[in-house]
Amino acid sequence: MKAKKVGIFIYTGIAFLIIVLGTVFYKFRPKETVIEFAMFNGSNWGVAVKESYSVIDSAIEKFEKEHKGIKIKYESGIPKEDYSEWMAKRVLKDEMPDVFMVLDDDFENYINLGLIEKLDGYVDGDKSFDINKYYSEIANSGVFERHRYALPYEAMPTLMFVNRTLLENLHLNIPENNYTFEDFYKVCRMVTLDRDLDGNPDYFGIYRYDWINAALSNGVTLFTEDGKNSYFNQESLADAIRFVKSLEDLNGNQNVTKEEFDSGKVAFSQMSLAEYRTYKSYPYKIKKYTGFAWDCIPMSAGKTGNNVSMVDSLNVAISAKSKKKKLAWEFLKTLSYDTQIQQKLYNDMPVASVLKEVMESRESENIFKENEDIIDSKLICQILENGSAKPRFSGYEDAIALADSKISNLNQGDDIENALRILQRQMSKYLLQERGKE
Amino acid sequence: MKSIGNLKINKILELMLIISVTTMILISGFVWIITARIIDMHEAKLFISRSVSIPGNTMHIFIFTVISSICFILTFSVRSSNRLNDTYIIFVTFIIEFILELICIILLNFNYNGILLWTFANALIYLKKNKYISIVIVAATVSYLFTTHDLVKLFINIYDISAYIRVCSTSLQTVIFFIYNTLNLMTVVSFILCCISIIVNKEEIIEKNIELNKQLEIANFDLQKANIELERSLMDNARLAEIRERNRIAREIHDTLGHTLTGLAAGIDACIALAGDEKTPLRNQLDLLSKVSRNGIKDIRMSVSSLRPDAPDRLNLESAIKELVENTKRVAGVNIIFNSEDINLKFDEDEEMAIYRIVQESLTNSIRHGNAKNIEVVVKKNFGSIGLMIHDDGIGCEKIESGFGLRHIRERVNMLKGQVNFRSENGFIVEAMIPIRWGEEYG
């Protein structure tokens with residue numbers, strides 16, 4: 001009996017010692033926790049940027065200040081073209097970064113492979129986080145099959161470039177911000193008048209304006225969100241195509257090239273905010289489009305649509321295999337949800353912020369005030385608010401390329417409705433084959 | 001006990017273990033190498049765009065598989081050496097094995113689950129007599145079913161080894177597919193082999209049991225026989241003791257009473273000589289006493305000789321009876337006919353003794369009580385028994401009272417499990433039937 005009691009004491013003592021020692025070692029363990037972040041060098045929008053990591057660095061600095069003992073590390077200098085392959089290698093090596101920029105091309109694939117952490121729980125559980133502070137269309141770009149997988153980091157609306165000098169020379173007014181297809185067509189027709197009577201227009205109305213943008217402005221949705229259905233057989237799409245074809249016809253038989261655009265012979269062109277902000281600022285300001293004054297306006301509105309354009313975004317996601325998901329979420333929030341960082345992003349980078357608060361701030365208003373620009377933050381806010389997000393299902397680019405190859409071969413006089421019926425059938429078949437059944 | 005069948009099963013299990021472990025290590029190693037190759041060839045993006053699942057850290061999986069394989073070999077050798085049948089240790093090895101296997105199968109994305117078959121083959125052998133065998137079979141079927149690649153991929157995204165094989169060159173693909181499928185097939189084949197040998201082994205055991213049962217039956221029969229023999233020899237011992245006791249008593253009587261009587265008779269004779277030839281009352285009395293004492297000596301001698309089972313001992317039964325008959329004829333002056341059908345009769349000692357005594361007693365009775373003139377003695381052999389009949393033409397008796405003599409006869413016959421019958425019918429008849437013991441009859 002006595003021996004048994006002694007035994008119990010000894011065992012309890014050993015257990016207690018282990019617990020105490022364990023707690024002590026746990027408390028005084030090396031505290032440096034590292035979160036790995038991945039992004040590519042340069043811009044996602046095909047423009048040159050000076051210091052592509054400056055915003056990220058300040059975000060890291062802020063995060064590390066707020067979270068003592070935690071380090072954020074990233075590999076710099078990965079070109080955008082190599083980023084996807086670089087990430088794929090990390091995936092195969094099972095060394096996924098905790099937080100990473102995710103390209104549209106990879107987004108769905110990563111989700112299907114279960115590599116991206118679902119953020120629904122974090123979004124709902126974090127009281128300091130409100131998803132409604134984002135532009136809804138942009139925030140929704142991180143949603144796939146009713147689950148949120150990513151938060152947007154930067155937004156990119158599409159704008160309409162205007163050659164102010166050309167229009168002034170031709171005594172034409174720059175269209176109002178709420179101009180329609182008709183207004184747009186009228187201005188283009190005036191630009192393309194054959195003034196020297198050589199049978200060819202001296203100036204051109206439009207360069208790089210595709211039917212996709214026209215369709216968006218005419219209120220057309222081409223695909224369902226999951227990319228399993230398409231809606232090509234629509235009258236409004238036919239109208240949009242007819243409108244684009246009529247604009248192209250104004251240019252006569254001539255194919256408008258980049259040279260003609262650069263030399264100031266074209267009145268309008270599609271342009272991203274990135275290009276606008278890059279070429280409007282030093283040093284590119286003095287390298288490009290120097291022979292004429294230019295500006296950007298929203299897209300023209302179709303009969304059944306608005307002055308909306310496609311709004312693209314760059315998203316950030318958390319690895320499903322991360323061991324520090326809580327911290328990863330905090331850092332993701334610093335990147336995407338922190339007004340200070342987003343403000344710096346909007347100030348320093350040729351992009352738009354994803355937060356309404358930042359876009360509408362006084363600081364943001366000043367960004368476009370340097371010159372006498374037509375476009376301003378408010379207008380961009382409007383575009384972001386009404387913009388339509390670029391579809392994000394994998395295979396979108398191929399599907400659009402298929403549609404484009406059919407539509408660009410059409411002519412003004414063709415039976416566009418019939419062509420669209422055929423295209424719809426082909427597209428359904430293609431989507432069924434690529435995306436599977438609903 | 002290691003039977004030949006058991007050894008065979010062990011060999012098959014070893015083979016199975018080698019096949020399954022090799023397959024697992026080959027698969028994990030192959031995936032590891034191919035992943036490294038894909039990374040080197042900068043085909044990672046292309047590969048993952050075609051994949052449905054990524055296995056995780058392939059090197060860690062490979063290492064885990066190797067360690068697990070070592071564990072499997074260890075648990076197997078623990079079980080093999082633990083022939084003491086420590087159920088607890090065996091149970092623990094099975095649990096460890098099963099858990100490790102499930103982890104390995106999940107890590108290999110269900111591309112190989114043959115290792116489960118190995119454990120179940122083991123379990124079948126160890127649970128031969130266990131009532132939990134049905135639970136094990138259900139567990140085996142369910143776990144094997146739900147770790148089958150083709151079934152699991154319907155529910156969750158898992159990679160297929162063929163996706164990795166297709167990264168290789170076409171000629172290599174054929175070889176690898178061949179090896180992969182062969183190993184898969186061999187696992188199943190060896191499992192079936194194992195099951196068959198278990199069945200064969202069981203049948204061998206059943207056959208052996210039947211044979212042992214037969215031997216037991218024979219031994220049991222022998223034992224019964226020995227028991228009967230023992231009983232008989234016990235009875236013989238008792239009879240011997242009885243004879244010895246009789247001899248002792250006879251000797252005692254002869255030596256003491258006989259001696260006294262002889263002395264007495266001699267003394268009386270001396271008195272007679274002293275008394276002279278005159279027929280005085282004393283002399284008459286002495287003569288009488290002398291006669292009585294001599295009669296007594298004769299009686300004692302007769303008693304002693306009857307106590308001594310000497311007659312059949314010296315002669316065979318037939319001649320002993322003949323001598324008895326002749327002696328009685330001469331002494332008592334009666335006519336005795338002795339009929340014996342089979343003169344070569346030879347029985348057991350106690351039987352012969354009984355027959356002899358019955359004849360002797362009956363003759364004495366006939367002469368003493370029945371005043372018979374003619375006596376017929378018949379000894380005949382029936383089937384399995386011997387019949388005795390002593391018939392006299394004396395007065396007989398209306399009511400048979402069993403005196404010492406008749407009771408004696410009855411006792412003797414009963415001792416030999418025979419039957420005896422006395423009746424009065426034109427004289428006195430004694431009929432006895434004594435069974436002959438089997439196997440002791442001589443020609």
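Student: Which residues of helix α4(B) are buried?

Tutor: The model is a predicted one, in which local features need pLDDT of at least 70 and side-chain atom pairs count only at pLDDT 80 or more, while totals for chains, interfaces and linings use all residues. Residues are numbered from 1 along each chain as its sequence is written, and chains are lettered from A and ligands numbered from 1 in the order in which they are written. A residue is called buried if 20 or more other C-beta atoms, placed from the backbone, lie within 10 Å of its own, exposed if 12 or fewer do, and partly exposed in between. By that rule, the buried residues of α4(B) are B:T93, B:E97, B:L100, B:E101, B:C104, B:I105 and B:L107.

Student: How far does helix α4 of chain B reach from its first C-alpha to its last?

Tutor: Helices are DSSP runs of H or I with at least four residues, and strands are runs of E with at least two, numbered from the N terminus. This helix takes in residues 87-107, which is 21 residues. Its expected span, 1.5 Å times one less than its number of residues, is 30 Å, and the helix comes close to that with a reach of 30 Å.

Student: Which element gives the most to the side of chain B that touches chain A?

Tutor: Two residues are in contact if their C-beta atoms, placed from the backbone, lie within 7 Å, and 15 residues of chain B are in contact with 12 residues of chain A. On the side of chain B, the elements that give two or more residues are α1 (4-40) and α2 (44-50). With four residues, the element that gives the most is α2(B).

Student: Is A:K118 buried, partly exposed or exposed?

Tutor: A:K118 lies in the loop between α4 (104-112) and α5 (120-125) of chain A. Not counting residues up to four places away in sequence, A:K118 touches A:H147, A:R148 and A:Y149. Because A:K118 has 16 C-beta neighbours inside 10 Å, it counts as partly exposed.
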